[in-house]
Amino acid sequence: MKTIQNTNTLLILALIIGLAFHGTSIFFTLEYTYDALIHLFFASHYAIDWFEPWDYHWYTGFTVQSYPPLIHQTIGLLSKVGGLKFGMFTVAIVGILLFITGVYRFAAFMTGNRRVAGYTALLAVFSSTFIETLHIFGQLPSICALSILLHVMPEIYLWTKTGKYKFLVSSLSLIAVTVTSHHVTPIFGMVFFIFPLLGMAVMDSAAEQVNNIKDVRFKTFYKAFKKCFWRIVIFGGASLVLIITCILPYWYNSKKNPITQVPIPHGSRDNFLEVTSSGLVFFVIPWGILLFILPYLFYRFYSKRYMFFGMSFTMLTILGTGGTTPIPLKLLGETAFNILTLDRFTLWATIMALPIFGEFAYRLVEGDLKERIHGMFGRLYHRILGGTIAGGLLLMVGFTITLGYFRPSQPAQIKMLPIVNFLSQDSHDSWRYLPLGFGDQMAWLSAQTMAMTVDGNYHSARRLPELTTRAIERIENSKFRGVEGIGSLQQFLTVPEKYNLKYIFSNDKFYDPILYFCGWQRLQQLENGIMVWEKLNVPPLPEILPKEQTPLFLNILWGFIPLSTVVFAFAINIMMLWLKKLKLRKGELPNFMKLSVSYSHFPKNLIIINHVWAIIVLCSLFFGLYTFYVKNTAQLSPNNVVQSYYDAIDFKEFERAHSYLDPNANLSIDQYMLEVSVTDGILSSYAKLDSIGIELSDVTNLSAKAKVSTQWITPLEKISKNYFHELVKIANKWYIKTKKKDSDIPPDQLFTENTTTFYNHGRRKITTQQTHHEDVLKQPVLEILSAKLVKYNGQYSIIGELQNVDDVPADVVIKATLYNDLNKELAVYNAKFHVKHKLMPKETTPFKVNFEGIAWSSTKDTMPPTFNPDEFTPIALDEQPIKFNLQTAGNVANTDLYKRVALQNLEFTNYGINGVLYNSGIQEVTIPQLLISYYNEEHELLWVDHQFMTEGIRVQRKQFFTYLPLEIDCIKVIESSLENCYVNGLPNASITKKVFPNREYEHSHAQEQQYNGTGFSFIKFDINSYIGNPK
Amino acid sequence: MNLKYFILIILFQLSCSREQVSITHAENFRPQIISNKTIYEAGETISLEFKTNGEVDAKILLKNAYGSSLIAPELNNNNIVFKVPVNYRKKAGICNWVLIVNGKSVTKGELQILPKSKAKPTLETYFGPRSITAGISDYSMLVCVTTDIYDNVFPEGTDVLFRSQFLNTISENTITSKDLISWKNIPTTKKAGRILVNTSFKEVTSSELTSIVFPSNAVKFMIKADRNHNYADGNQIIKFQTDVILDKYKNIVSDGTMVNFIVENTHGALLNTVAPTIRGIASASILHPSEKDDWKITAYVTGAAKSNTITAKFKTAIKDYEVIFSESNRSITIGPLTSFMQQLIPDGILIQLEIYNKSGKHLETKKVSSIKGFGHINLEKEYHPNGDYHLKLKAAGIHKEFDLTLDE
């Protein structure tokens, strides 16, 4: 055998290829990964203030001591050289080098064969699990920590076996670096990597006693264990001390702020057979080509020497299967199962398997396996097999690295500069902001601006109960998290003043309706296409914000220890190596190199078993593909065509949708696209298809009828709608028959309309000082006409009516507080959907304030499994509310003042009120909302209800609606008083007296519709229109 | 703050103690003040000189509205001189001093510092609210504070000139300051418009400030309706318009005032259409009904004003139509629908078919809109199996009922 100083060409080759391949491709992938930008944000924190653990940017403040800092601090330090991204890419490249060398060392010590280790290093470069972790997940700390853990393993082995202190020091120095990079890796690494490693070291010691590993019996093993025991204890104790002390502030913080976050669903906990996308990402990709040689892996791992690794490998493999089998849940317990992301187990399993895979490759390329196959199947087969495996490996590499390109997990890259500029202009950073639809790029925005957001991207650090009680990753992408998401978002949008939240950057028009109906208004579109929404009447952030103090010594530890561990480890491991080289002393071969096995006599049976297994895997793969084909081939069956049609509609792929329509109907694609382009409304523009149920009837060979029950998720409500289709089969393909569209034509081709529009300059004087008092407009005066505290269906609400009695349009904010009879405050909330937030002079609006609790804070366990955005959690009140206080504020509004929708017709039938709305103006109304007020015989308001219409109203067109009046005989009016009602801080009574002393109450009464309902006598319809694209 | 002063005093004492001052031990020693001047103008140099018989450990404690300081003396021919620092000299008002010798206060006095009246004064002027309502009761308040260059407010009784302009009138008032400010309520006017004001004091004037006088609440107004023809074809537009809506002072109500037009039809349903005013006129539109109807229209500026009630009668445009059933009764053709001149009605007339089973239970309402004068409705076998049905057809206000049997 050659001496260790000789350079291993395979390793060099692996490093060169690794650098060339990963080092260049990270520039196209890393910024689109899930995690990389989060680490970048943390790095920006350290770059600004190294020793301050408190960060105000996210979650109204959180501590960065909630994540081990080494990687972040390194990026932060490097950012001083070439910026944050330079730091990130540098660390990533270092991570790649560490990984390849780490795997090499791991393989060398496992197999004791440098040739095999070289093969392993080369395979590591192309391992799909590594590619996925780096290029799709972007888990930099995890990669670095794991790589260092691989580096440390030979050192620990040597310490255990030889008891030389230099190995203990070097292994502990590296453990320290691992700990400060990533906390989970060393903890689980201890269990899954180091325990089997110690087992193997003891086993090898035992083998030395008896000269052959096969002769090791339990007694010899026990003897060897007794010999190594204190070494193991010393190492274990010292590691534990390091794990605790190196990131002591982390543990301190975990103790002080235990994670209260409810479990957030993660794909790695899915049943991979049910959720095939999770199966692909968390099972098939990481395992990749290794799946085919599983029998070989288990065969080798269960040889006596690797036995402990075998057990660990088995555990990791099983745990990595997530919810596919009940075993991981049982092994980990409910809590750990729901907190941990189980993909890491697969990652470790596949990394652990790499040396054995390297060994397999070595034996296949130049070892006994090659000879065996030559003997059994001939040379050609060997070549074909080798080619197939190499091809499969490359296929997995290509597939994994391009996954992010073909199925982007992130929205397209957003130019942040306009947003950063907007936030730093005109004191906009005196308020908090909220990005919507930014994906993980929100972290990159936070890293660049001083402004703060209520959202954040590190959910373990959350403190607001509005967030910790929801199983959502971010509010920013709340639409993907259904009811919890939208519900959480709604709380922030309805009561933004609680969080000083004034600006929203919307990169997804899905959220536009909810913003509008919560009283937000569009401010401007930035040059990167992001729409800025603002809310009036939100106070700026106080000058001094609260923070949690941590003891100074912890902050100093946090600032110094992580990088010191690197310096120390570097000095010990690399410097010593150099010194050794300088002394030109021939290095002694590490102990484990003597334990290499000679590869001969590849078992015949194993070849056969592995072939059978590979065929089984291939068959499952083909079966999977076939099922996929049958399920997804659009026109293969009536069911498929309907499914595909709605899928196409859902993703707005109208050309595809058109291709499923009956070709004999002569509906040209142009006509179809035209018809699609003129339909607007919450269903066609803002809805996501949640579920679809297809009932087929009358199925013959050539025709069928389908009743399609669809559930749509919209930002406002969940909408159920049934559709009926006739299906035909023409030339072996199923098609949907077309339907007639509404043929209504508007009366005028061209018409004119005069409108009153308003403009508010804001600051007329351009100054960085406080706005000049001459430029501050008076708050419009509102008058509350009635206000009541009522109880309906067990839920308390404050209802009432108010009027803008000023001469300018007003934006209305209504805040209601409930008190008990001892004037103790019970609940505060704002009016959400049940009010017209923008009022013209002398316009009236009904309003209703519902008191929402923080959803599921008390009923965590019975969280509804399905999506329902308008799910409402009434607040749990300990005491009976008796009184209320109503604070309304007006601010001059100059947008969203479109009022041109007329109530064209009303018809009272046994099955509801049929009505027609007519749009007489020049804007297309995207979502019309009806506000329905109920009155008793004395014209006193009893209840306010609302209904969103699913389709928009085009200009000069009609839209039909049916409204089923409620039965409100059970309503209970608890208090009706205007005593504690205030407008802009002034008592309402003074306004009534001064502005409207001679009010004619008859006017309101005359506008109410008589109706014989259950519990009410009059009803009134108000119309609130959301315009999606104002012209 | 207290700590700060404490530290300052300590520092002062430390700095003082370094000076080599030989201390005269005289228990009842009282230095006599030399200067008698007690009234100064802000900014003027002030020094307090005391006669001593040699070196003494003396300090002076100054105290004015801003706070207190200990001052060390300078020697001047056996006398000690305290130079009052600039911050104490600039602040108008009373400045108290206490002479401290050997740590004991021995004598005290006060200085009166007047605002600097000779230099150019400055004016702080506020006017608000920025908008008021026409009439007799509302007002905006003009407030002015006159100060010298050191921001000392001029004493009570300072006269400031207030000017205000509205239309052709410019009024001037001299307002004497009281409690440091001069103020005046500028009453609203009966005419809507814009009140401009400014203030001046000595040679300085403030910039122009504005309050808008908005019109008062609307009073009774008239409306009219305008339409092309009086047929109920469901497709023409009827326009309602107010005359110029005024307040009780004959001002045109402010632009954007919301007017609700309430239409009561023969069935007692209240329809509505709304419009904001422009130069006092609101005009709203709504479609003709699609069946014979009598409309009563009244407009409101809710709470303030109501219009007259006008009526609009609509004659039947479609007198009758045919309904043709296919052989199986499953395909129904309605039409031709012809209007008042026998022309085919414009596309889009709503045709409703209510389907009941034979026991009178409502099953479904089908709605179609007419194309080229015809409407087609199919009763699919899947949803309406063979059997007896009762149908109510409704189009353009004409109701037709059928009993039919569906088979095949």
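Tutor: In chain A, strand β8 (residues 688-697) and strand β9 (residues 703-713) run antiparallel and are joined by 9 bridges. Strands here are DSSP E runs of at least two residues, helices are H or I runs of at least four, and both are numbered from the N terminus; two strands pair if DSSP finds at least two bridges between them. The model is predicted, and local features need pLDDT of at least 70, side-chain atom pairs count only at pLDDT 80 or more, and totals for chains, interfaces and linings use all residues. Residues are numbered from 1 along each chain as its sequence is written, while chains are lettered from A and ligands numbered from 1 in the order in which they are written.

Within this pair, A:Leu689 stands opposite A:Trp712 in β9(A). β8(A) and β9(A) form a hairpin with 5 residues between them, and in the turn A:Asp698 has a positive phi of about 55°.

Chain A also holds an open sheet of 5 strands with mixed pairing, in the order β4-β3-β5-β7-β6. Its edge strands, each pairing on one side only, are β4 (452-453) and β6 (521-525). β6(A) runs antiparallel to strand β7 (residues 531-534) of chain A, with 4 bridges between them; A:Gln524 is opposite A:Val532 in β7(A).

Positive phi values occur in loops of chain A as well. A:Asp426, not a glycine, has a positive phi of about 50° and is found in the loop between α19 (417-424) and β3 (432-436). A:Asp426 is partly exposed, with 13 other C-beta atoms within 10 Å; by this count, with C-beta atoms placed from the backbone, a residue is buried at 20 or more, exposed at 12 or fewer and partly exposed in between. A:Asn500, in the loop between α22 (482-494) and β5 (501-506) of chain A, has a positive phi near 55°. A:Asn500 is partly exposed, with 19 other C-beta atoms within 10 Å.

Chain B has cis peptide bonds in loops. One runs from B:Gly128 to B:Pro129, with omega near 0°, and B:Pro129 is in the loop between β10 (122-128) and β11 (131-133) of chain B. Another joins B:Gly335 and B:Pro336, with omega about 5°; B:Pro336 is in the loop between β28 (331-334) and β29 (350-357) of chain B.
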